[in-house]
Amino acid sequence: MRAFIGIKLDDCQADILEIINELKSKSMQGNYTLANNIHLTLVFLGDISECEIDKVKAILESIEYYEFPLEIIKIKKLKDMIILEVRKDNHLMEYQKKLQNRLISEGLRIEDRPYYPHITVARKNNDSITRDLQMQSIAREVILFSSSRIYNVLTYTPISKRKLENNDA
């Protein structure tokens with residue numbers, strides 16, 4: 001099964017959809033991300049076995065971490081994609097590193113490249129765009145997703161969720 005670990009951005013979902021609709025209205029071509037698929041990837045796992053899925057679930061449950069803010073700071077072009085760049089906040093980067101290190105220590109194969117936090121809004125796009133943004137969200141839970149084509153539509157399905165600790169105490 002193809003899988004990844006990510007965060008849904010429920011607090012700014014409507015704003016992201018507004019950006020997607022704006023791009024479409026300007027006749028910017030591409031394969032746009034469906035509303036249910038909007039997410040921030042923390043770790044891409046690729047094809048993993050059922051046994052590895054159980055390992056990932058256990059790892060997600062074992063890492064305690066507090067909710068943390070996420071800030072979308074820019075819309076821009078990356079290769080053939082249009083993305084929303086997410087600020088490399090200390091909490092985000094620390095959690096991502098903890099998660100990646102635990103997955104590696106448990107024997108999972110992870111891409112060996114620097115983490116670049118972003119949300120893909122369109123693929124296969126040739127247009128140029130760069131604009132500053134100010135959008136806020138809170139990371140409240142981390143989700144293990146499967147990625148598959150259902151009736152030829154790319155679909156990200158939550159397999160397991162881990163709520164982050166509330167830090168209002």
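I looked up the aromatic cluster and found Phe4, Phe145 and Tyr156 linked by ring pairs. I took rings of Phe, Tyr and Trp (its six-membered ring) as paired if their centres lie within 6.5 Å, with planes under 30 degrees apart counted as stacked, over 60 as edge-to-face and the rest as tilted. I note that this is a predicted model, in which local features need pLDDT of at least 70, side-chain atom pairs count only at pLDDT 80 or more, and totals for chains, interfaces and linings use all residues. Residues are numbered from 1 along each chain as its sequence is written, and side-chain values use heavy atoms, without hydrogens and water.

By this rule I count five aromatic pairs. Phe4 and Tyr156 are edge-to-face, because their ring centres lie 5.0 Å apart and their planes stand at 80°. Phe4 belongs to strand β1 (residues 2-7) and Tyr156 to strand β9 (residues 153-163), so this pair ties together parts 152 residues apart in sequence. Strands (E, at least two residues) and helices (H or I, at least four) are DSSP runs, numbered from the N terminus. Both Phe4 and Tyr156 are buried, that is, under 20% relative accessible area (1.4 Å probe, protein chains only).

I next examined the sheet. It is open, with four strands in the order β3-β1-β8-β9 and antiparallel pairing; two strands pair if DSSP finds at least two bridges between them. Strands β3 (40-47) and β9 are at the edges with a single partner strand each, so one side of each has no neighbour in the sheet. Strand β8 (residues 141-150) pairs with β9 over ten bridges.

Notes: Buried means under 20% relative accessible area, exposed over 50%, partly exposed in between (1.4 Å probe, protein chains only).
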